[in-house]
Protein chains: 2
Amino acid sequence: MIQNMTENQITLYIIKALKENKQKDLDAILDELQPYDIAQIYEDLPEKHRTRFLLHFNIDSLADLMEELSTEEQLDVLSKLGIEKTSKVLDEMDNDDVASMLHELSPEKMKILLSGMKKSESKIVQDIMNYPPETAGRLMTNRFVWIRDYFTVRDAVDKLKIFAEFAETINYLYVIDQERKLVGVVSYRDLLIAEPDEKIRNIMYERVLSVLDTIDQEEVARMIERYDFLAIPVVNEESMLMGIVTVDDIIDVVIQEATEDIEKLSASGKAIDFDTKSIVAAYRRLPWLILLLFIGVVSGSIISGYQKTLSLVVPLAYFMPMISGMTGNTGTQSLAVVVRGLSYNDLDKKAIFKLIMREFIVGFIIGLICGIIIAIIAFVWQGNPVLGFVVGSSLFLTLIIGTLAGTIIPIFLYRMNIDPAVASGPLITTLNDIISLFIYFGIATMFIEKLM
Amino acid sequence: MIQNMTENQITLYIIKALKENKQKDLDAILDELQPYDIAQIYEDLPEKHRTRFLLHFNIDSLADLMEELSTEEQLDVLSKLGIEKTSKVLDEMDNDDVASMLHELSPEKMKILLSGMKKSESKIVQDIMNYPPETAGRLMTNRFVWIRDYFTVRDAVDKLKIFAEFAETINYLYVIDQERKLVGVVSYRDLLIAEPDEKIRNIMYERVLSVLDTIDQEEVARMIERYDFLAIPVVNEESMLMGIVTVDDIIDVVIQEATEDIEKLSASGKAIDFDTKSIVAAYRRLPWLILLLFIGVVSGSIISGYQKTLSLVVPLAYFMPMISGMTGNTGTQSLAVVVRGLSYNDLDKKAIFKLIMREFIVGFIIGLICGIIIAIIAFVWQGNPVLGFVVGSSLFLTLIIGTLAGTIIPIFLYRMNIDPAVASGPLITTLNDIISLFIYFGIATMFIEKLM
């Protein structure tokens, strides 16, 4: 029945079942829904039905539901559940999800919630929170099944049966030795097709790729993306198995990193999406714009320095927006290549040199072609060959410099470990504006007598 | 041994083994490597060793290796393998990978390669190629194991054993009825913990989420991301199971879509990365820049239309770059929010209206604050209150319009199904340039007598 129902119909059906207290109907429908769907329905439910709805779930399902909600809604659910159930739900949730929820809370509230949890669970959560943000340690979960190297296939399957509900749904078992060091990996499929008495040691795959717990999350994403893994084990410096990072978390990382790249290019500020309120969005965008406003005043004062040149040859002003616009655009193009490239490549000195040389040549070619075109246009339009020369040669130079600025500045900031958000598109654009004005008016002033 | 070797050391070791023809050493080391690693090593190998290296692989491993290489290298490998082996390798490769390789070739070459393949395999590849690019049908593979609803757990495991090597490494089995309609799903883990005589029908999960074969790949990515699936089944309009899309392909989709978003913002042109040659990168970037050059000339002609105003009040020129720069920046910020949002949201009319209203208010707030600041600066700097008013009110208006342009233009293009690359950052910036010049000089001309 449910196969063909829309989310709206399901929600209405559930509200009806809640009102009429039809436990069975409710269980039947909830059993077929994914946690994500249940979360969507929960969000759609009127407030008055929510508490009763939550009562229908066991701890496991509540934990699944929690993992699909935003922090705000998570806290709302917990407040409806009461202290005792809260602790049990937190114990059941993936530790990385608990950690990222607690991370948003005040230290006092965090302490209260942690103190209700099982000691073993709260310790793991606290361990995760001790890792710096955006590291493998922060992403990892301990909801996986490990086995010992001396196990037989039968032992492994028996252990799996016990922990089936508990394990993340990936299809590997990681094998550790007596010191908890990671020594191998077997897949569920290997277990299915192997003889029950076969030793794990003999069927396991020994070259297990793993990541250090302190490594950046982008690096983890790169590993999983390259090797098409469903999960990757996380080890500490002694090669001890600490947890696993699963591919579903990595998709979120990839999306997050891409969004950060776009924020760098547009300086649109963090976390503005379709649901952000106007006043918040304006507040987040303003700091950049005000900074750029003042930089814009600097451009203005540069022009005012060349007031005499400008008032002698007013047509110089006609080409000002074109030159600064083109320089800004080419800088943004270079920036996009660098920002995106840095997400998926390591940059050693040799690679940096190669990239800068490449962009220099690109700037040279682009500058030459665009410079010649604009020189001809300026000459034909204003009938002044010197103006053509001034505009063309300025554009040639500014395009080379703009390209290089868009390349060198973000690399420099990246190497200096400065927050790369600083190397945003508008900043490069505005810097290139200033540079291009200096070059343009500088050249024009040199040729001022021939220009008039 | 191999655990602690770097890629370079492994490559050198392999070259040595190849030279000395030590088959066993080679097999031992290759057995422990992932296909991605083998592909990296293959790329590092000097040309003269490559053919001999390839001889060491069986068809299965060659297929795995192929899937990790670029199209160019794939064709190089195939030419080294000869016709007979080529057909076998293509038969073994994932159909979606074969399809995307063939897609790059000329129709003649494609025909030759397809004609060598098994009929059943080449038919599937051709079916995939019949789907439009970037749809679920293009991404799907048929390398998965399906079972019938009347099977027992034992039947299912037996089938899995036969097809173990063949199946993609995901941990679900999809269940179909006599008409090949998708009716359920069971996980490997369910099979491991169930009794052997249990019917699949009784343990399967009936509400299987699936996607239509003609659906956009972004929609598939959204499903997998939301539900944290490892794979999703693809069905046709009659609900018949056509294939599956796996999470590793989805990570590539997410990266590709993010890169496309960034290209939209920067108009950096398709497929420029750190390895692109200068001349190619310049060629890809030039079309946009030349278009923008001509649009820049349009700005110039607008200014020339206000030549009189400008020559009467030269200080107007000082604020020109600031106003056009700010308008361009705020437009890019809005564009970034929209472009990124469109990747992860559906936009109905109500949502569009809400978003445009939001951006209008944002533009109003930003415009008001920045306009007041610049009015004060202009007044203090030039000692002219009218100039302050002209500059401030112009900025106020252009920031509102710039914000709206950055919102409405990409949404309009998106709704018109026009290639969204057209709504790129530089275009919005340049359009905003032109608009801002009109407003600025328009207002200035209105107040020209008081300005002087």
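A:Arg207 and B:Asp37 form a salt bridge across the two chains, with their closest N and O atoms 3.2 Å apart. The model is a predicted one, and the values here are computed from its atoms.

**Interface between the chains**

Between chain B and chain A there are 4 salt bridges. Polar contacts between chain B and chain A number 14 residue pairs, counted where both residues have pLDDT 80 or more. On the side of chain B that touches chain A, helix 17 (residues 278-305) of chain B gives the most, with 19 residues. By residue class, that side of chain B holds 69 nonpolar, 25 polar and 24 charged residues.

In terms of contact, 118 residues of chain B meet 119 residues of chain A. About 10,700 Å² is buried between chain B and chain A, and carbon and sulfur atoms give 69% of this area. Within chain B, the residues that lose the most area to chain A are B:Arg189, B:Arg207 and B:Phe274; together they make up 9% of what that side buries.

**Aromatic pairs**

Over all chains, the whole structure contains 26 aromatic pairs. Two of them are set out here.

| Ring pair | Distance between centres | Angle between planes | Geometry |
|---|---|---|---|
| A:Tyr440 and A:Phe441 | 5.4 Å | 50° | tilted |
| B:Phe144 and B:Tyr174 | 6.3 Å | 75° | edge-to-face |

Why is the pair of B:Phe144 and B:Tyr174 edge-to-face? The planes of B:Phe144 and B:Tyr174 stand at 75°, and an angle over 60 degrees counts as edge-to-face. This pair links distant parts of the chain, 30 residues apart. B:Phe144 lies in the loop between helix 11 (136-139) and strand 1 (146-148) of chain B, whereas B:Tyr174 belongs to strand 2 (residues 172-176) of chain B. Both B:Phe144 and B:Tyr174 are buried.

For A:Tyr440 and A:Phe441, the planes are at 50°, so the pair is tilted. Are these two residues buried or exposed? A:Tyr440 has a relative accessible area of 1% and is therefore buried, the cut-off being under 20%. A:Phe441 is at 0% relative accessibility, so A:Phe441 counts as buried too.

Which residues do ring pairs link into a cluster with A:Tyr36? The cluster joins A:Tyr36 of chain A with B:Tyr227 and B:Phe229 of chain B.

Definitions and conventions: Residues numbered from 1 in each chain as written. Chains lettered and ligands numbered in written order. Predicted model: local features only at pLDDT ≥ 70, side-chain atom pairs only at ≥ 80, totals over all residues. Heavy atoms only, no water. Contact = heavy atoms within 4.5 Å. Buried area = accessible area lost by both parts, 1.4 Å probe. Salt bridge = Lys/Arg side-chain N within 4 Å of Asp/Glu carboxyl O. Polar contact = N/O pair within 3.5 Å; in protein donor to acceptor, adjacent residues only side chain to side chain. Helix = DSSP H or I, 4+ residues; strand = E, 2+ residues; numbered from the N terminus. Nonpolar A, V, L, I, M, F, W, Y, C, P; charged D, E, K, R; others polar. Phe/Tyr/Trp six-rings, centres within 6.5 Å; stacked < 30°, edge-to-face > 60°. Buried < 20%, exposed > 50% of the residue type's maximum accessible area, 1.4 Å probe, protein only.
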